Amino acid sequence: MLLTYLGTAAAEGIPAVFCNCPVCQEASRLGGRNIRTRSQALINRDLLIDLPPDTFLHKLQHKLDLSAVRYLFVTHWHMDHFYPQELTVRGSYYSHQMVSPELDIYCAAETKALFETIGWEANRETLDALHFHILSPFQTVETGDYRVTPLPANHMHELDRTGHPHPYIYLIESEGRRILYAHDTGIFLPEVWDYLKTAGPIQLVSLDGTGGTHENGPKSGHMGLPDDILVRDRLIEMGVCGSDTQFILNHFSHNGGMVYDKYAPLGAEQGFTVSYDGMAVEV
Ligand SMILES: [Zn+2]
Ligand SMILES: [Zn+2]
Ligand SMILES: [Zn+2]
């Protein structure tokens with residue numbers, strides 16, 4: 001699999017949309033890898049993870065043919081991961097000569113519900129080509145060359161009282177190789193650790209880096225470097241990750257306190273690659 005990080009920021013982006021903090025000012029001044037757009041990743045050219053408001057920008061920056069995307073997996077409906085309005089311009093007279101006119105969308109019921117609040121904007125032809133599949137935790141779906149297992153994230157605690165939101169992290173397998181894409185999650189839930197024990201070897205683990213070098217602790221919905229180290233060490237201890245596993249940090253916020261140029265060497269010292277927009281990794 002070829003995993004390409006199209007966007008690597010948390011919701012506000014770096015430099016953040018309405019911010020003048022020192023990190024955002026430094027990122028603006030330095031440019032390059034210090035500039036981060038909202039989180040999105042592409043596997044090969046046909047499996048897309050998340051649909052943030054920066055999707056159009058990603059198409060421009062990386063010269064993507066997004067009509068070739070056949071499968072879209074959405075982690076959750078926070079705005080940096082799902083901007084459903086974009087789907088209203090897919091197909092019909094908005095998009096011609098598409099590689100894949102049909103799109104299978106895999107997500108939680110709450111995520112689909114958000115699309116339905118704006119779905120009236122889409123015409124019939126567009127709607128008919130969008131095939132929603134509601135995921136259940138730990139229920140593997142097989143689609144094309146991929147086997148994808150949604151695992152419940154430790155995230156969105158504020159909604160636990162009002163419903164049963166299911167933010168997901170994803171275990172993605174293809175041709176015997178595995179990627180664990182784990183963003184917008186704190187330290188994993190006990191049932192996720194139990195599942196991962198039986199998951200088989202994982203060659204790439206992409207972990208939430210929202211907290212920068214700060215420790216977020218087990219109650220947070222995000223992780224910082226000390227939490228990432230804890231998760232990494234436990235995965236190695238369990239035997240599902242080893243010396244051939246790549247550990248990557250992703251999903252950064254200015255509140256983490258550091259631009260890419262400063263964080264990348266610190267991450268490397270601890271055995272992590274710090275992602276940047278456009279980074280591609282072979283798995
Ligand atoms: Zn996010
Ligand atoms: Zn800022
Ligand atoms: Zn989120």
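**Strands, sheets and core**

Student: Which residue in strand 11 is the bridge partner of Ile179?
Tutor: Strands are DSSP runs of E with at least two residues, helices are runs of H or I with at least four, and both are numbered from the N terminus. In strand 11, Ile179 has as its bridge partner Leu204.

Student: What kind of model is this, and how are residues and chains labelled?
Tutor: Residues are numbered from 1 along each chain as its sequence is written, while chains are lettered from A and ligands numbered from 1 in the order in which they are written. Local features need pLDDT of at least 70, side-chain atom pairs count only at pLDDT 80 or more, totals for chains, interfaces and linings use all residues, and the model is predicted.

Student: Which residue in strand 12 stands opposite Leu204?
Tutor: Strand 11 is also joined to strand 12, by five bridges, and these two run parallel. In strand 12, the residue opposite Leu204 is Gln246.

Student: Which strands stand at the edges of this sheet?
Tutor: The open sheet has seven strands in the order 7-8-9-10-11-12-13, with mixed pairing. Each edge strand has a single partner strand, so one side of it is left without a neighbour in the sheet; these are strand 7 (141-143) and strand 13 (273-274).

Student: How many residues lie between strand 7 and strand 8 in their hairpin?
Tutor: These strands run antiparallel and are joined by three bridges. Thr143 has Tyr146 as its bridge partner in strand 8. Gly144 in the turn has a positive phi of about 55°, and the number of residues between the strands is two.

Student: How many of the seven residues of strand 8 are buried?
Tutor: A residue is buried if 20 or more other C-beta atoms lie within 10 Å of its own, exposed if 12 or fewer do, and partly exposed in between, with C-beta atoms placed from the backbone. Strand 8 (residues 146-152) is joined antiparallel to strand 9 by six bridges. Strand 8 is largely enclosed by the rest of the structure, because its buried residues number six.

Student: Why does His183 count as buried?
Tutor: His183 is in the loop between strand 10 and helix 5 (190-197). Two residues are in contact if their C-beta atoms, placed from the backbone, lie within 7 Å; leaving out residues up to four places away in sequence, His183 touches Ser39, Thr75, Ser206, Asp208, Asn250 and His251. His183 counts as buried because its C-beta neighbours inside 10 Å number 29.

Student: Which residue in strand 5 stands opposite Leu72?
Tutor: Strand 4 (residues 71-73) and strand 5 (residues 103-107) pair in the parallel sense over three bridges. Leaving aside neighbours within four places in sequence, Leu72 is in contact with Leu48, Leu51, Leu103 and Ile105. The residue opposite Leu72 in strand 5 is Ile105.

Student: Which residues of the largest nonpolar core touch the most other members?
Tutor: A nonpolar core is a set of buried Ala, Val, Leu, Ile, Met, Phe, Trp, Tyr and Cys residues joined through C-beta atoms within 7 Å. The largest one has 65 residues, and those touching the most other members are Leu72, Phe73, Tyr170, Ile172, Tyr181 and Val205.

Student: Within what arc do the buried residues of helix 1 fall?
Tutor: In helix 1 (residues 22-30), the buried residues are Val23, Cys24 and Ala27. The arc is that of the directions from the helix axis to the C-beta atoms. These residues line one face of the helix, because they fall within an arc of 95°.

Student: Which exposed residues are on the face of helix 1 turned away from its buried side?
Tutor: Just after helix 1, Gly31 takes a positive phi of about 65°. On the face turned away from the buried side of helix 1, the exposed residues are Pro22 and Arg29.

Terms used
Pairing = 2+ DSSP bridges.
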